[in-house]
Amino acid sequence: MSISNSHPASVQTPDRLVGKAAKGDNRAFGAIYELWAEHIYRFIYLKTRDEDIAEDITAEVFLKVWKGIKTFKPKPEVKFSTWLFAIARNAVIDYYRTTHQTIPFENLPEIVSIEEEIDLYPEQSHLQQELDQLRPEYKQVLVLRYIEDQPIAKVAQIMKKKEGNIRALTHRALQELKSRLS
């Protein structure tokens, strides 16, 4: 999935774009898509390991966002990106539920080999192998914090844990990964 950055999304703040999109501004919604589609796609792809499925679910997520953006009320504790990732997470859960797959959500792989990146960075393959050996909770917190670059507050909301627990979990996950890599 390739997203161009030629849209004026970078000129306006996300909150302003959300406000305009909530009032039916198609260009503002397009800018939101430009800002977030790649992140949502990557998040879903990490959970499904299938490009076609990830693209389909990403499209579903943005359709749900389009339909629900008028009712979204930003608050300090609930930012648009948190709402967006929660919709994506629920869409992945729905996908596995409706396809009757028996893979428990918490055991889904969190890190995926993206061939182009591994070709460019062979050491990433070793890192991924070690990440795949971590507990699912450790992998999830590391993906959200360091691949998706989410702040601790957002990770806490996504994982439904307290911020202090996320800090401790991140520390333990990094320690475990460090010991595996040395």
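## An all-helix chain and its charged contacts

Arg-49 is partly exposed, at 35% relative accessible area (buried means under 20%, exposed over 50%, and partly exposed in between, with a 1.4 Å probe and protein chains only). This is a predicted model, where local features need pLDDT of at least 70 and side-chain atom pairs count only at pLDDT 80 or more, while totals for chains, interfaces and linings use all residues. Residues are numbered from 1 along each chain as its sequence is written, and side-chain values use heavy atoms, with hydrogens and water left out.

**Overall layout.** The chain has nine helices and zero strands (helices are DSSP runs of H or I with at least four residues, strands are E runs of at least two, and both are numbered from the N terminus). Of the 182 residues in the chain, 40% are buried.

**The core.** The largest nonpolar core holds 46 residues (a nonpolar core is a set of buried Ala, Val, Leu, Ile, Met, Phe, Trp, Tyr and Cys residues joined through side-chain atoms within 4.5 Å). Ile-44, Val-61 and Phe-80 have the most contacts inside this core. Two or more residues each come from α1 (14–22), α2 (26–48), α3, α4 (80–98), α7 (136–147), α8 (152–159) and α9 (163–181). Helix α2 gives the largest share, 11 residues.

**Two loop residues with positive phi.** Most residues other than glycine have a negative phi. Back to Arg-49: this residue sits in the loop between α2 and α3, and its phi is near 55°, a positive value. Lys-160, in the loop between α8 and α9, also has a positive phi, near 60°. Lys-160 counts as exposed because its relative accessibility is 69%.

**Salt bridges.** Side chains of opposite charge can pair when their charged atoms come close. The whole structure has eight salt bridges (a side-chain nitrogen of Lys or Arg within 4 Å of a carboxyl oxygen of Asp or Glu). Here are some of them, with N to O distances.

| Pair | Distance | Where |
|---|---|---|
| Asp-132 and Arg-49 | 3.6 Å | helix α6 (residues 122–132) and the loop between α2 and α3 |
| Arg-180 and Glu-130 | 3.9 Å | helix α9 and helix α6 |
| Arg-167 and Glu-163 | 3.7 Å | both in helix α9 |

The bridge between Asp-132 and Arg-49 links distant parts of the chain, 83 residues apart. Asp-132 is partly exposed, with 26% relative accessible area. Arg-180 and Glu-130 also link distant parts, 50 residues apart. In that pair, Arg-180 is partly exposed at 32%, whereas Glu-130 counts as buried because its relative accessibility is 16%. Arg-167 and Glu-163 are four residues apart, about one turn of the helix. Arg-167 is partly exposed at 45%, and Glu-163 is partly exposed at 37%.

**An acidic patch.** Glu-51, Asp-52, Glu-55, Asp-56 and Glu-60 form a patch of negative charge on the surface (patch residues have over 30% relative accessible area and no salt bridge, with like charges joined within 9 Å and nonpolar side chains within 5 Å). Glu-51 lies in helix α3 (residues 51–68) and counts as partly exposed, at 45% relative accessibility.

Note on methods:
Accessible areas come from the Shrake-Rupley method with a 1.4 Å probe; for residues, only the protein chains shown count as cover. Lys and Arg count as positive and Asp and Glu as negative; His and the chain ends are not counted. The place of a charge is taken as NZ of Lys, CZ of Arg, CG of Asp or CD of Glu.
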